[in-house]
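Please look through the structure below with its open spaces and one of its helices in mind. The briefing that follows takes these topics in turn.

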Amino acid sequence: MGYYLNPGKKGFAESVRSKIYVDKTGLIAYTNDCLDTEQKFICVSRPRRFGKSMALKMLAAYYSCGCDSRDLFKELKIAQEATFEEHLNQYNVIYLTMTQFLIEAKDGSVIEYLEQEVLREIRKEYGEFLTGEPPGLAAAMRQIYGETGKEFIFLIDEWDCVVRERQDFEEMQKQYLDFLRNLLKDQPYVALAYMTGILPIKKYGVHSALNMFTEYSMTNQRELEEYTGFTEDEVKGLCGRFGMDFEEVASWYDGYELRRIQHIYNPKSVVEAMRCKDCDNYWTATETYEALKIYIDMNFDGLRDAIVQMLGGARVSVRTGKFRNDMCNLNTKDDVLTLLIHLGYLSYDAAGEKAFVPNNEIMGEFENAISDGGWENVMKVIMDSERLLKDTLDGREDETASALDRMHTEIASNLNYNDESALGCAIILAYWSARKDYKIIRELPAGYGYADIVFLPLPGRNKPAIVVELKYNKEAQAAIQQMKDKKYADVLKGYSGEVVLVGINYDKDRKEQGHTCKIERVECLGRDIVL
């Protein structure tokens with residue numbers, strides 16, 4: 001076993017021995033089906049801390065020849081598959097972590113350094129089959145295959161780091177992509193190539209240098225959806241095991257929405273929450289908010305408005321198809337939003353082609369980013385939200401209406417009031433501070449209609465539920481009556497306790513104060529409202 005050639009099972013064994021391990025070995029069954037087929041080129045792009053490196057260590061442990069990994073996998077899902085024994089420890093594996101070569105290479109000679117390092121191990125194992133001095137890694141692979149018939153599996157981690165971290169060196173990027181193409185494309189020694197990164201494969205002109213790869217990205221994970229992160233059932237199982245409340249964990253880390261699986265969780269954050277027995281923002285341990293701020297501060301038409309709408313819980317349309325899959329050729333609002341989807345700051349609704357902020361953890365990152373200048377109007381709304389929530393819970397109708405008017409003035413340039421939906425975004429943004437105690441839900445089915453906004457208290461919070469009905473150019477009292485007539489209390493399921501009914505109307509023609517508010521407190525016993 002070596003470092004690059006057949007690294008063996010140590011890395012994956014550490015994962016399995018960890019206090020928290022979620023079995024994702026079903027991925028191996030998929031890659032087994034791809035071996036030596038037209039589908040053998042796989043490029044998986046996901047945000048940081050979504051288990052990409054762990055998946056590569058798992059594949060290395062399973063495929064690497066020169067070791068016996070049977071005991072490591074025998075209790076896991078892959079052991080039940082028909083192909084388990086057939087491919088176990090049967091392949092030469094080349095494992096490359098591109099960040100290592102990028103950091104260690106002198107004078108930017110990344111490819112030269114990579115080939116030097118890997119060929120050193122190749123010669124130790126297969127030197128007898130290498131004649132002369134092969135001009136490069138691909139030539140050495142061809143010689144070995146010609147003499148032995150042995151195929152190789154290539155596992156490449158952080159494949160896109162050259163694109164991400166050397167953004168101004170376009171010639172270096174092109175040389176790197178040409179190197180990968182020469183190493184992998186149409187080469188008979190390749191049984192499988194599995195690459196991971198944050199960005200999909202970079203596009204140059206109308207073609208991709210690596211067009212043989214099938215791409216699995218945050219806009220379309222295809223058959224690999226269940227391996228993108230933790231599923232809802234997996235998180236429920238962990239919550240039961242560690243005594244954590246599932247609803248609170250979901251409000252913090254759920255929200256990555258794929259085409260088939262609607263609830264995908266950030267694995268790293270969930271693991272940390274279970275270990276620490278505390279829901280908190282663990283994203284800051286893997287990324288700094290300055291990276292987000294750079295992009296949301298870009299001066300593209302409509303970008304700032306889109307960010308404010310999403311902070312208010314809205315989904316905004318985004319065209320992802322023109323994104324060039326790098327971090328410097330950003331020319332439109334859609335380019336920035338698509339990049340933020342790939343970085344994990346936004347989730348993507350493929351059916352509606354819309355982007356949105358996935359959960360409370362990421363909302364916290366946006367708050368950090370906008371607090372550092374340039375977003376003073378939005379930050380004023382956020383800072384005043386604690387007082388607004390208190391006035392609402394205390395039933396101060398005039399104070400609540402006045403506060404909403406002031407907040408509307410602050411964000412009017414970014415969020416135009418033209419219907420109840422836009423009003424709803426503004427209201428959620430105005431009640432920003434409620435996120436720490438409530439799960440906030442837009443347009444939840446309730447009784448004979450939909451409750452516009454529902455604030456459900458998280459477990460352990462001694463807070464009343466809040467149901468908000470919005471009206472546009474009507475009457476606030478009509479909103480309260482509608483909640484009663486249409487039995488909106490049904491939305492609260494088994495909740496028992498106080499409920500604050502809040503009717504808010506915005507009348508664009510009123511000169512002094514556009515917002516009016518009516519507040520009533522009622523008692524909810526299960527699903528029955530006691531007036």
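**Pockets, a helix and a buried serine**

The lining of the second largest pocket is made up of 13 nonpolar, 8 polar and 13 charged residues, where Ala, Val, Leu, Ile, Met, Phe, Trp, Tyr, Cys and Pro count as nonpolar, Asp, Glu, Lys and Arg as charged, and the others, Gly among them, as polar. This is a predicted model, in which local features need pLDDT of at least 70 and side-chain atom pairs count only at pLDDT 80 or more, while totals for chains, interfaces and linings use all residues. Residues are numbered from 1 along each chain as its sequence is written, and side-chain values use heavy atoms, with hydrogens and water left out.

**Second largest pocket**

- This pocket has a volume of about 890 Å³, a volume being the space filled by probe spheres set on the grid points, which are joined across faces, edges and corners.
- A pocket is an open set of points on a 1 Å grid over the protein atoms alone, where a 1.4 Å probe fits, with protein on both sides within 12 Å along at least five of seven lines, and its lining residues have an atom within 4 Å of a point.
- Helix H3 (52–63) is one of the helices that each supply at least two residues of this lining, and H3 gives the largest share, 6 residues; helices (H or I, at least four residues) and strands (E, at least two) are DSSP runs, numbered from the N terminus.

**Largest pocket**

- The largest pocket holds about 1,200 Å³ of space, and among its 38 lining residues Gly313, Arg315, Pro358, Ile440 and Arg442 lie nearest its centre.
- Strand E11 (438–446) is among the elements that each supply at least two lining residues, and E11 gives the most, with 6 residues.
- This lining divides into 15 nonpolar, 12 polar and 11 charged residues.

**Helix H18**

- The 18 residues of helix H18 (residues 376–393) should span 26 Å at 1.5 Å a residue, and the end C-alpha atoms are 26 Å apart, which agrees; the expected span is 1.5 Å times one less than the number of residues.
- H18 has a kink of about 40° centred on Ser385, the bend at a residue being the angle between axes fitted to the seven residues ending there and the seven starting there.

**Ser269**

- Ser269, which is found in helix H13, is buried with a relative accessible area of 1%, where buried means under 20% (1.4 Å probe, protein chains only).
- Beyond its neighbours within four places in sequence, Ser269 is in contact (heavy atoms within 4.5 Å) with Tyr253, Tyr282, Trp283 and Glu361.

Conventions
Buried means under 20% relative accessible area, exposed over 50%, partly exposed in between (1.4 Å probe, protein chains only).
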